[in-house]
Amino acid sequence: TLLYTIKFEEGSSLGMGKLFIVHPGGKQVYCCKDCKTPMASKGDFIDYCKTLMYGNGLLFSSSCNVKESVESERILSTADEEYINIVRMLSCLKCKSRMGWRYEYCQNDSMRYREGLFLLFPDSLCPGK
């Protein structure tokens with residue numbers, strides 16, 4: 001299982017050098033629908049998640065070939081309360097398409113299990129090899 005998502009050639013400065021695309025492993029993978037870069041293994045799939053802004057999301061224990069942004073806050077609203085989630089937006093390492101986010105912190109106790117997990121947008125993914 002891959003936890004860190006960006007690899008650069010040794011000796012290069014950040015963002016420079018040869019880009020290394022890694023494979024998440026497993027027989028079935030999800031790829032970026034724009035450039036077909038592998039993003040996650042079906043074996044790392046955990047659950048479907050409902051997001052108000054993006055519809056359903058796919059929750060994975062790990063992902064690869066994504067670039068993470070700086071932390072940002074997302075507000076989750078329910079009928080009774082609002083909760084703050086701190087996330088890092090994810091984009092495809094190769095083509096820069098938006099892919100989803102990684103949960104850093106969830107204020108709601110019932111969502112704490114998502115911390116450290118990757119939510120990928122189904123409309124950004126396609127089946128791959």
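Student: What percentage of the 129 residues in the protein is buried?
Tutor: Good place to begin! Keep in mind that this model is predicted. A residue is called buried when its relative accessible area is under 20%. Of the 129 residues in the protein, the buried share is 39%.

Student: How many helices and how many strands does the protein have?
Tutor: Let's walk along the chain. From the N terminus on, the elements run β-β-β-β-β-β-β-β-β. The secondary structure therefore comes to zero helices and, with strands defined as DSSP runs of at least two E residues, nine strands.

Student: Which strand holds Arg102?
Tutor: You can find Arg102 by its residue number. The strand that covers residues 98-106 includes Arg102, and that strand is β7.

Student: Is Arg102 buried or exposed?
Tutor: Here we compare a value with a cut-off. Arg102 has 18% relative accessibility. Buried means under 20%, so Arg102 counts as buried.

Student: Which side chain makes a polar contact of 2.9 Å with the side chain of Arg102?
Tutor: The side chain of Arg102 makes a polar contact of 2.7 Å with the side chain of Glu104. Leaving aside neighbours within four places in sequence, the contacts of Arg102 include Ile86, Leu117 and Glu68. The polar contact of 2.9 Å joins the side chain of Arg102 to that of Glu68.

Notes: Residues are numbered from 1 along each chain as its sequence is written. This is a predicted model: local features need pLDDT of at least 70, side-chain atom pairs count only at pLDDT 80 or more; totals for chains, interfaces and linings use all residues. Side-chain values use heavy atoms; hydrogens and water are left out. Helices (H or I, at least four residues) and strands (E, at least two) are DSSP runs, numbered from the N terminus. Buried means under 20% relative accessible area, exposed over 50%, partly exposed in between (1.4 Å probe, protein chains only). A polar contact is a pair of N or O atoms within 3.5 Å; within protein, one must be able to donate a hydrogen and the other to accept it, and residues adjacent in sequence count only if both atoms are side-chain atoms. Contact means heavy atoms within 4.5 Å.
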